[in-house]
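Please keep the sequence and the coordinates in view while reading.

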Amino acid sequence: AQRKYSEALPLYQESLSIRREHLGAEHPDVAGGLNSLAGLYRAQGKFSEAEHLYLESLSIMRRHFGAEHPNVLGVLNNLAVLYGAQRKFSEAEPLLQESLSIMKKCFGAGHPLVAQSAKNLARLYKAQGKNSEADSRF
């Protein structure tokens, strides 16, 4: 990655503005744009800005698709990663648990995405020193 954040930022912002103008503020593509912009802010270490956008994106996705739809998973996981990067484990953990639960319902317990989600939760447990919980995820 070239990390040309200053060049990327106005492009992400313009894309989001166009989506809002043409699709409406509650459209799932707007939520996708918010998620992308939040990812850029997260990469820059602008965690507060990223959190706000992830939460807005998650809210739109949940309203549009429902709380247990696969389209909610990306934002849910990105928000959990953001909290994990800040060592806000108590905020990241329920999001990863929710994500795992949704994945099991949508894809079945044996799906590779479910395994990856369980692994992500186990990593979070390990980072908190909750080794017995982590071991039960593998």
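**Salt bridges, core and overall form**

The structure holds 5 salt bridges, a salt bridge being a side-chain nitrogen of Lys or Arg within 4 Å of a carboxyl oxygen of Asp or Glu. The model is predicted, and local features need pLDDT of at least 70, side-chain atom pairs count only at pLDDT 80 or more, and totals for chains, interfaces and linings use all residues. Residues are numbered from 1 along each chain as its sequence is written, and side-chain values use heavy atoms, with hydrogens and water left out.

One of these bridges joins the side chains of E56 and R20, at 3.0 Å from N to O. Because E56 belongs to helix α3 and R20 to helix α1, the pair ties together parts that are 36 residues apart in sequence. Helices (H or I, at least four residues) and strands (E, at least two) are DSSP runs, numbered from the N terminus. E56 counts as partly exposed, at 29% relative accessibility, and R20 is also partly exposed, at 33%. Here buried means under 20% relative accessible area, exposed over 50%, and partly exposed in between (1.4 Å probe, protein chains only).

A further salt bridge links the side chains of E98 and R62, at 2.7 Å from N to O. E98 lies in helix α5 and R62 in helix α3, so this pair ties together parts that are 36 residues apart in sequence. E98 is partly exposed at 26% relative accessibility, and R62 is partly exposed at 28%.

The side chains of E68 and K105 also meet in a salt bridge, at 2.8 Å from N to O. Since E68 sits in the loop between α3 and α4 and K105 in helix α5, the parts tied together are 37 residues apart in sequence. E68 is partly exposed at 46% relative accessibility, whereas K105 is exposed, with a relative accessible area of 53%.

The largest nonpolar core has 36 residues, and L37, Y54 and L79 have the most contacts inside it. Such a core is a set of buried Ala, Val, Leu, Ile, Met, Phe, Trp, Tyr and Cys residues joined through side-chain atoms within 4.5 Å. At least two residues of this core come from each of α1 (5-23), α2 (28-43), α3 (47-65), α4 (73-85), α5 (89-107) and α6 (112-127). Apart from its neighbours within four places in sequence, Y54 is in contact (heavy atoms within 4.5 Å) with N35, A38, G39, R42, V75, N78, L79 and L82.

Which residues of α6 are buried? They are V114, S117, A118, L121, A122, L124 and Y125. These residues cover an arc of only 160° around the axis, which puts them on the same side of α6; the arc is that of the directions from the helix axis to the C-beta atoms. Just after α6, G129 takes a positive phi of about 80°.

On the scale of the whole protein, the secondary structure comes to 7 helices and 0 strands. Of the 138 residues, 34% count as buried. Residues 24 or more positions apart account for 50% of the contacts with a separation of 6 or more. The C-alpha atoms fill a box of roughly 50 × 30 × 25 Å, taken along the principal axes.
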